[in-house]
Amino acid sequence: MSVLENWDTWKNFLGDRLHHAQNQGMDNEVVSEFAYKIGDYLANQVEAKTEQEKILADLWSVASKDEQHAIANIMVKLVQNNGSQK
């Protein structure tokens, strides 16, 4: 099963990656820009697998660039308490 096929699995996957980046010293601005690039890639290149991902893709498609950055930042906040805390 792909991490994109289950919303909780996807959030845990993102949480793990976020914690790893933070533990490696990546600052919040870099994390934010990286989250934006991932969101843009997913919205344009990957078919949504869950209802939550479809909603995010729909929101992303009508959002301005500033709003897309806000969505990416909200996703970072959402996954901060997911995944392992290593």
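Q: What covers the buried residues of helix H2?

A: This model is predicted. In it, the cover over the buried residues of H2 includes helix H1 (7–23), helix H3 (51–62) and helix H4 (65–79).

Q: Which residues of H2 are buried, and where do they fall around the axis of the helix?

A: An α-helix has 3.6 residues a turn, so residues three or four places apart point the same way. In H2, the buried residues are Val31, Ser32, Ala35, Tyr36 and Gly39. Viewed down the axis of H2, they fall within an arc of 140°, so they line one face of the helix. On the other side of H2, the residues Phe34, Lys37, Tyr41, Asn44 and Gln45 are exposed.

Q: Which residue caps the N-terminal end of H2?

A: Asp27 caps that end, with a side-chain oxygen 3.2 Å from the backbone nitrogen of Glu29.

Q: Which side chain of opposite charge is nearest to Glu53, and how many Å away is it?

A: A salt bridge requires the charged atoms to lie within 4 Å. Glu53, in helix H3, is buried and has no salt bridge, since the nearest side chain of opposite charge, Lys49, is 7.6 Å away. The backbone nitrogen of Lys49, however, lies 2.9 Å from a polar atom of the Glu53 side chain.

Q: Is His69 buried or exposed?

A: Buried means under 20% relative accessible area. His69, which lies in helix H4, has a value of 18% and is therefore buried. Leaving aside residues up to four places away in sequence, His69 touches Glu33 and Tyr36. Tyr36 is also one of the buried residues of H2.

How values were computed
Residues numbered from 1 in each chain as written. Predicted model: local features only at pLDDT ≥ 70, side-chain atom pairs only at ≥ 80, totals over all residues. Heavy atoms only, no water. Buried < 20%, exposed > 50% of the residue type's maximum accessible area, 1.4 Å probe, protein only. Helix = DSSP H or I, 4+ residues; strand = E, 2+ residues; numbered from the N terminus. Arc of directions from axis to C-beta. Contact = heavy atoms within 4.5 Å. Polar contact = N/O pair within 3.5 Å; in protein donor to acceptor, adjacent residues only side chain to side chain. Lys, Arg positive; Asp, Glu negative; His and termini not counted.
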